[in-house]
Amino acid sequence: MEKELANYQANATQRIVKAGEDKLKQELLDSEIPEFAVHNHKTKAVHIHDLEFYSISHNCIGIRVQHLLGNKEYSVKQALRELGRKIIWLTNMQSGGIGFIDFDSDMAEYVNTDSDEEIIEELREFFFDLNVFSRKGCEKPYVTFNFGLNTTGTGKRFSRLLLKAYAEGDEDGNPFIFPNLVFKLKEYINIDEKSPNHDLYINALKVTSKRMVPTYFNCDAHGNKTVNPNNIGIMGCRTRVVSNLYGEETGIKRGNIACVTINLVQLAFRSSGNLNTFYDLLNKKMEESKELLLHRFATLCEKGDFSSLRRNNLYENSDKPIEEMLKSGTLSIGFIGLWDAISVLHNVRFNDAKDMSPYREEALFIISQMRGVVDGYKDECKLNFSLLASAAEGVSGSFAEYDSKHLGKDSCVCAKGYYTNSFHVPVFTNADYIQKIDLEAPFHALCNGGCITYVEMAEIPGKNIEATKEVVDYAYKAGCNYIGINFPLDNCNDCGFVGRIMNTCPKCKSTNIRRLRRVSGYLAEENRFTDGKRKEMLLRKSNIEFS
């Protein structure tokens, strides 16, 4: 069975769900979706994400705790218990992630007389619940908590305890996979040494150095700095929802409706090295992507089930006709394999960052052209189109496999078994963290639908938070919208040892090892990775070494 996501548990329910999804996808391809889009999807030219939800529901949502809990008075314990139940309810009504945009401010309302120890224990119980396979019966909910800006005493206290609870891990001290914690960076609030929440920033860096989480959202990056920072954040693994033709610029009570991913590498193969042909093909696939998203939007307006969202007023303009409600969301055109495509177009292989430098302007031109086209669709269609640097977890391998058979049989780009994510520097390239960030940072301003830059470390930084801070600070100043630190995170299931484990645990010699890695924005066990992502992981090189 082909695996599409790392966040799957192979159980009886999963087999039934997968069979139902496959049947529904085929029915949609046979009778609902336009023929040109079916051809693109089957030939791996343009992937339709969450195809089984095509006529049923939206992708993701940004929200506040109070939208789910109402105005009732709760203790922290009661609030977290009820929130856990509401997250399960909401995650099964959509295809993607849930982003709590201002989690510290939301939860500060419930911090009363409970002791620190009690709140930490309740948060850990909450995290246990979020790591149950409660989504479809075979997945964990994709939940993200954005925090770090609340400067009140209770807000800071909750943020500190949230970090401590996550750092402690489960009953054996092992890391939690979910939720994804995102620390929001903002000048004069937490970045500067004399800012009121700088201590929280340092605390977050300590936890990142131990657990790979939190990641960091830059409220001062291009496109963010003019918006109320309390109203924006990350939902899912990288999705960003900000600009809005029909109301306030915010990520709250809005989300991505649907997205597609264009296979840039296939376009490069079909161009045979001719850049004019490449741009012609790209424009055609973008136009077809637009038409497909418009068709999906219309189909959802006609057939989608948004009764619970509307009844509970969870989406902007829920009280208006469904079309008016969905207009508040975004339609994203994504892409994968930018540097692989350039490698094919020019018949070059990138071994070092310096090999990539001569092609940087061309790479930026390709993505700036795509952004210009997407902005044109926004004006033309009066809908919130955006450009997404796709995570494309499920297609990085399948795109390469298809193209290897049909177009690039002898190409080293296909031979590695996957395509490089979005605009990322290829993981096998020799590049230090400064080179990697400098190459990737300019793309963040272009990808307004969401993007991320990762820096790979060879070992767990642990107490070396200076190294983590150095990387995050540099990426922040370079203008990266969203920033993550990766490193091998292994733990022994028998004795609880956490660290870099080769074959056997250095403490008890067990081979019962759980290996956590970041797959496409969230943590996952290595043995759950898709084939493409597993092949990519084996080639990852460190961008920073510790002396």
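The model shown here is predicted.

**View 1. Strand β6 has buried residues on both of its faces.**
Strand β6 covers residues 215-218. Thr-215 and Phe-217 point one way, while Tyr-216 and Asn-218 point the other way. In a regular strand, side chains alternate between the two faces of the sheet. Are these four residues of β6 buried or exposed? All of them are buried.

**View 2. Strand β6 pairs with β5 and with β11.**
Start with strand β5, residues 180-185, which runs parallel to β6 and is joined to it over four bridges. Look for Val-182, which stands opposite Thr-215 of β6. Now turn to strand β11, residues 482-486: its pairing with β6 is antiparallel and involves two bridges. Here Phe-217 stands opposite Tyr-482 of β11.

**View 3. Helix α8 belongs to a β-α-β unit.**
Together, β5, α8 and β6 make a right-handed β-α-β unit. Helix α8 takes in residues 198-211. Just after the helix comes Met-212, with a positive phi of about 75°.

**View 4. Helix α8 is largely enclosed by the rest of the structure.**
Why can we say that α8 is largely enclosed? Because 10 of its 14 residues are buried.

**View 5. Four strands form an open sheet.**
In which order do the strands of this sheet lie? The order is β13-β12-β14-β15, and the pairing is antiparallel. β13 (498-499) and β15 (523-525) stand at the edges with a single partner strand each, so one side of each has no neighbour in the sheet. Take a closer look at strand β12, residues 489-492, which is linked to β13 over two bridges. Within this pair, Asp-490 has Gly-499 of β13 as its bridge partner.

**View 6. The largest cavity has a volume of about 230 Å³.**
How many cavities of 30 Å³ or more does the structure hold? There are six. The largest is lined by 19 residues, and those nearest its centre are His-424, Val-427, Lys-436, Tyr-454 and Glu-536. Two elements give two or more residues to this lining: β10 (453-456) and α20 (531-538). Sorted by class, the lining has seven nonpolar, six polar and six charged residues.

**View 7. The second largest pocket has a volume of about 300 Å³.**
This pocket is lined by 16 residues, with Pro-488, Arg-500, Arg-517, Met-537 and Arg-540 closest to its centre. Both β14 (513-518) and α20 supply at least two residues of the lining. The lining holds eight nonpolar residues, one polar residue and seven charged ones.

**View 8. Leu-275 lies in helix α10.**
Helix α10 covers residues 275-303. Leu-275 has a relative accessibility of 29%, so it counts as partly exposed. Which separation do you find between the C-alpha atoms of Leu-275 and Leu-345? They are separated by 7.5 Å, although the two residues are 70 residues apart along the chain.

Key: Residues numbered from 1 in each chain as written. Predicted model: local features only at pLDDT ≥ 70, side-chain atom pairs only at ≥ 80, totals over all residues. Heavy atoms only, no water. Expected span 1.5 Å × (residues − 1). Buried < 20%, exposed > 50% of the residue type's maximum accessible area, 1.4 Å probe, protein only. Pairing = 2+ DSSP bridges. Right-handed = clockwise from strand over helix to strand, strands pointing away. 1 Å grid on protein atoms, 1.4 Å probe; cavity = no way out; pocket = protein on both sides within 12 Å on 5 of 7 lines; lining within 4 Å. Points joined across faces, edges and corners; volume = space filled by probe spheres on them. Nonpolar A, V, L, I, M, F, W, Y, C, P; charged D, E, K, R; others polar.
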